[in-house]
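Colleague: Could you take me through how to read helix contacts and ring pairs in a model?

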Amino acid sequence: MTTTKPKVAYSPVFTDGGEFQIPTFKLLKQDGKLYKNAKAPDLDKDKALRIYRAMVTTRILDERMLAAQRQGRLSFYMQCTGEEAAVVGSAAALDDNDMIMAQYREQAALAYRGFTIDEFMNQLFGNELDYGKGRQMPVHYGSKKLHYMTISSPLATQIPQATGYAYGQKLAGKGHCTITYFGEGAASEGDFHAALNMAAVHRVPVIFLCRNNGYAISTPATEQFAADGVAPRAYGYKMDVIRVDGNDILAMYEATRQARKLAVEHNRPVLIEAMSYRLAAHSSSDDPSGYRSKDEEAVWREKDPILRMRLWLESKKWWSESDEKKLQESMRREVLETMKRAQKRPPPPLETLVTDVYDEVPPALAEQFDKLKAHIRQYPDEYPKSAEHAKGGA
């Protein structure tokens with residue numbers, strides 16, 4: 001059975017979907033000027049500068065922390081470099097109380113919402129002020145107060161979770177939605193299809209934002225799918241869809257603003273495919289020179305989303321070379337000074353391993369914890385950061 005009245009044919013007719021051509025929504029050219037007949041969204045100066053500062057903050061943070069990983073200060077890092085417009089532009093179009101369920105390259109959304117450099121550093125170093133109590137890998141951020149669900153490493157798990165959370169928002173009826181971010185590689189996971197189908201059937205206020213950056217780690221898009229990107233998949237679920245220039249901050253903002261309206265006011269889930277490029281490696285463990293050329297990277301560096309927005313701001317007399325210099329200098333100084341402080345903070349108390357799951361620590365868990373402390377006391381040189389916490393009697 002189908003949900004619509006089918007058309008009838010009296011000879012075999014096969015289709016492969018090639019007749020559907022999805023355009024790419026653009027507003028802003030690389031020189032900071034609008035395309036002919038394009039209309040900029042209603043974005044005031046204060047909000048525009050909040051967006052720009054979040055983009056620059058993320059770029060500087062990424063550069064410094066990758067260097068810290070190379071120096072052995074961090075075990076791992078992932079950059080947002082090149083995709084800042086797709087992330088910040090969409091986050092800025094939401095209500096700050098809307099839920100964000102990210103993959104692992106959306107720290108720019110947290111920066112936009114006000115996550116401080118101190119909070120970033122505490123998580124990266126897993127110290128006593130880390131909200132995750134040192135249990136997560138670096139870049140697995142989370143913030144309850146900023147409505148940003150904690151990152152998990154398994155790929156695509158956040159996509160069906162977003163559908164479920166949005167269903168709860170629909171029942172609550174408070175006018176909020178959920179946005180979930182993922183790459184085009186994650187869109188090949190079964191979780192993606194289950195999430196879209198469930199969202200469409202139950203009509204929940206969720207925005208699925210796919211950052212199509214051309215590579216699933218080292219696998220190019222041409223080897224991931226034969227269709228015209230990820231966007232056409234929405235047709236299979238009768239879902240609203242739009243493809244956007246992911247390096248165009250104005251287009252990303254406007255597309256997400258309109259998507260949110262559909263989601264919140266009409267309970268219509270939306271798929272956004274943001275066409276962008278990962279200028280950095282997949283992670284600090286990856287070497288992109290093995291699967292893409294420097295010439296290809298150079299082409300995309302000319303499409304830098306931060307430079308594009310900066311030129312637009314300057315054309316409106318909202319930004320200047322002096323402003324840029326002050327921002328760059330102050331952010332670099334803050335990142336370095338905050339990193340030094342975060343590194344010196346001690347790790348979370350050893351007791352936090354067992355004190356926040358049960359109301360009272362059960363006997364079996366308490367026994368295991370005592371054995372752990374005894375083991376650390378026996379080999380203090382092997383556990384220098386934990387030895388001080390394990391001094392108490394078993």
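Modeller: Let us begin with handedness: H5 passes H6 in a left-handed crossing, and please keep in mind that this is a predicted model.

Colleague: At what angle do the axes of H5 and H6 cross, and within what distance do they come?

Modeller: The axes of H5 and helix H6 (residues 190-202) come within 7 Å and cross at roughly 20°. Angles under 35 degrees count as roughly parallel, and H5 and H6 are therefore roughly parallel to each other.

Colleague: Which residues of H5 and H6 meet?

Modeller: From H5 there are Ile159, Pro160, Thr163, Gly164, Tyr167 and Lys170, which meet Asp191, Phe192, Ala195, Met198, Ala199 and His202 in H6.

Colleague: How do H2 and H7 cross, and are they oblique or parallel to each other?

Modeller: The axes of helix H2 (residues 84-92) and helix H7 (residues 249-266) come within 7 Å, with a crossing angle of roughly 40°. H2 and H7 are therefore oblique to each other, and their crossing is right-handed. On the H2 side the contact involves Ala85, Ala86, Val88, Gly89, Ser90 and Ala92, while H7 contributes Ile249, Met252, Tyr253 and Thr256. The residues of the contact of H2 with H7 divide into seven nonpolar and three polar, with no charged ones.

Colleague: What does the contact of H1 with H2 look like, by axes and by residues?

Modeller: For helix H1 (residues 45-70) and H2, the axes come within 10 Å and cross at roughly 145°, and H1 passes H2 in a right-handed crossing. Lys47, Ile51, Ala54, Met55 and Arg59 of H1 make this contact with Glu84, Ala85, Val88 and Ala92 of H2. Here the division is six nonpolar, no polar and three charged.

Colleague: Turning to the rings, how is an aromatic pair described, and how many aromatic pairs are there?

Modeller: In general, a pair of aromatic rings is described by the distance of the centres and the angle of the planes. With ring centres required to lie within 6.5 Å, the count comes to ten aromatic pairs. The rings of phenylalanine 115 and tyrosine 141 have centres 6.1 Å apart and planes at 70°, so this pair is edge-to-face.

Colleague: Where do phenylalanine 115 and tyrosine 141 lie?

Modeller: Phenylalanine 115 is in the loop between helix H3 (107-113) and helix H4 (117-125), and tyrosine 141 is in the loop between H4 and helix H5 (158-172), so the pair ties together parts that are 26 residues apart in sequence.

Colleague: Finally, what does the domain assignment give?

Modeller: The assignment for the protein chain gives domain 1 (45-343) and domain 2 (350-382), and the C-alpha centres of domain 1 and domain 2 lie 37 Å apart.

How values were computed:
Residues numbered from 1 in each chain as written. Predicted model: local features only at pLDDT ≥ 70, side-chain atom pairs only at ≥ 80, totals over all residues. Heavy atoms only, no water. Axes fitted to C-alpha atoms, helices over the stretch in contact; angles between N-to-C directions. Helix = DSSP H or I, 4+ residues; strand = E, 2+ residues; numbered from the N terminus. Parallel < 35°, antiparallel > 145°, perpendicular 65-115°, else oblique. Left-handed = near helix turned anticlockwise from the far one by under 90°. Contact = heavy atoms within 4.5 Å. Nonpolar A, V, L, I, M, F, W, Y, C, P; charged D, E, K, R; others polar. Domains from an automatic or database assignment. Phe/Tyr/Trp six-rings, centres within 6.5 Å; stacked < 30°, edge-to-face > 60°.
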